[in-house]
Amino acid sequence: MDKYLYCENIIKESSQSFYKAFSLLEKDKANAVFSIYAFCRTADDAVDEHNDLEKVNTLKKKVKSTFEGDVPKDLLFEALYESIMRFPSNVSPYLDLLDGMRDDYYAKPITTEKEFDEYCYKAAGTVGLMLLPVVASKKYKSESKNLKVVAIELGKAMQITNILRDVREDFMKDRVYFADETLEEYNINIEILRTGLVTPEWRTLVDHYVKMAKKKYKVFYDNLELFDKDAVYPTYLAARFYEGILDEIVKKDYTNLNKTHSLSNFKKFMIMSKAKRHLKKRGLM
């Protein structure tokens, strides 16, 4: 199988929203994003699906070897190597992501909002950094400091969205990603939530994290000019699709305790139309 097709199949099967957005990139950039996503999905599945720390350790060895030019005979890493040759990057965010997977394996407790923020960085802020050389190739060096802040904030926003979207499934697996101090502040009883009962306290807690995520999305929206013009629409679309999940959760009265909310194809179409109008108005399309 072609290495890029292998990676494309992974994103297509795992995230229709991301695939729909990033497949709009020109071929080399799309392939690079697919290879990065495939790496991240493989790392995530090592813990979430297989609960296998050895897989995480193997991925760490392979990605370090890939960045050193000694590419494993593996379609994923062959694709990733070509991508980082086209869009020079560094290995740090890849290793940080794997450190986050290790924390997940050991169910490292999240007691404070600072630890929650660190978790969101490792789980997804790192992905923003991985994608930067691809979607912001022209200003990656000259605006590096600003771009890194923007990419990390977008990644964190998406991770908060993931947590709120998947909370029911995580509770069933006995995983709680909210900070203990915040649960206490909002008088949250996890055992009651496990029953699926939507309480006023739950609504308030979700609102807290929705507002937090939306502030982070806004950092990205306010800095679109830093990104390559041909990558603005796909990246903006991916963010809007994800932010739309938050809106669905609130609109459906915080019933993410009982079901996993997603966007219908019609709503995605409406977001795409609105995104084009907005970006044209800003001179970015």
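Arginine 194 is partly exposed, because its relative accessible area is 33%. Partly exposed lies between buried (under 20% relative accessible area) and exposed (over 50%), with a 1.4 Å probe and protein chains only. Arginine 194 sits in helix α11, residues 190–194. Helices here are DSSP runs of H or I with at least four residues, strands are E runs of at least two, and both are numbered from the N terminus. Leaving aside neighbours within four places in sequence, arginine 194 is in contact with Phe171 and Asp174. Contact means heavy atoms within 4.5 Å. The C-alpha atoms of arginine 194 and leucine 257 are separated by 7.8 Å, yet the two residues are 63 residues apart along the chain.

Aspartate 174 lies in the loop between α9 (167–172) and α10 (180–185). Aspartate 174 counts as exposed, because its relative accessibility is 58%. Its phi is near 65°, a positive value in a residue other than glycine.

## The model

This is a predicted model, in which local features need pLDDT of at least 70 and side-chain atom pairs count only at pLDDT 80 or more, while totals for chains, interfaces and linings use all residues. Residues are numbered from 1 along each chain as its sequence is written, and side-chain values use heavy atoms, with hydrogens and water left out.

## The chain as a whole

The chain has 14 helices and zero strands. Its C-alpha atoms fill a box of roughly 50 × 50 × 35 Å, taken along the principal axes. The radius of gyration is 19 Å, which agrees with the value near 19 Å for a compact globule of 285 residues. That radius is taken over C-alpha atoms, and the globule rule is 2.2 Å times the number of residues to the power 0.38.

Of the 285 residues, 52% count as buried. Among contacts with a separation of 6 or more, 72% join residues 24 or more positions apart.

## The nonpolar core

The largest nonpolar core has 105 residues. Such a core is a set of buried Ala, Val, Leu, Ile, Met, Phe, Trp, Tyr and Cys residues joined through side-chain atoms within 4.5 Å. Phe39, Phe178, Trp202, Tyr217 and Phe227 have the most contacts inside it. In soluble globular proteins, nonpolar side chains tend to be buried together.

Take phenylalanine 227. Not counting residues up to four places away in sequence, Phe227 touches Leu132, Val135, Ala136, Leu147, Val150, Phe220 and Val232.

Lysine 156 belongs to helix α8, residues 144–165. Lysine 156 counts as buried, because its relative accessibility is 9%. Setting aside neighbours within four places in sequence, Lys156 contacts Asp117, Cys120, Tyr121, Gly125 and Lys216.

Glutamine 159 is also found in helix α8. Glutamine 159 is buried, with a relative accessible area of 9%. With neighbours within four places in sequence left out, Gln159 contacts Tyr119, Cys120, Ala123 and Ala124.

## A cavity and a pocket

The structure holds one cavity of 30 Å³ or more. On a 1 Å grid over the protein atoms alone, a cavity is a set of points where a 1.4 Å probe fits but cannot get out; a pocket is an open set with protein on both sides within 12 Å along at least five of seven lines; lining residues have an atom within 4 Å of a point. Grid points are joined across faces, edges and corners, and a volume is the space filled by probe spheres set on the points. The largest cavity has a volume of about 30 Å³. Its lining includes Ile36, Phe87, Tyr94 and Met130. Helix α7 gives the largest share of that lining, three residues. By class, the lining has seven nonpolar, two polar and no charged residues. Ala, Val, Leu, Ile, Met, Phe, Trp, Tyr, Cys and Pro count as nonpolar, Asp, Glu, Lys and Arg as charged, and the others, Gly among them, as polar.

The second largest pocket has about 400 Å³ of space. It is lined by 20 residues, and Asp104, Ala107, Lys108, Pro109 and Ile110 lie nearest its centre. Helices α6 (92–105) and α7 (113–135) are the elements that give two or more residues to this lining. The lining residues divide into nine nonpolar, two polar and nine charged.

## Asparagine 51

Asparagine 51 is in the loop between α3 (27–48) and α4 (53–67). Its phi is near 50°, a positive value in a residue other than glycine. Most residues other than glycine have a negative phi. Asparagine 51 counts as partly exposed, at 47% relative accessibility.
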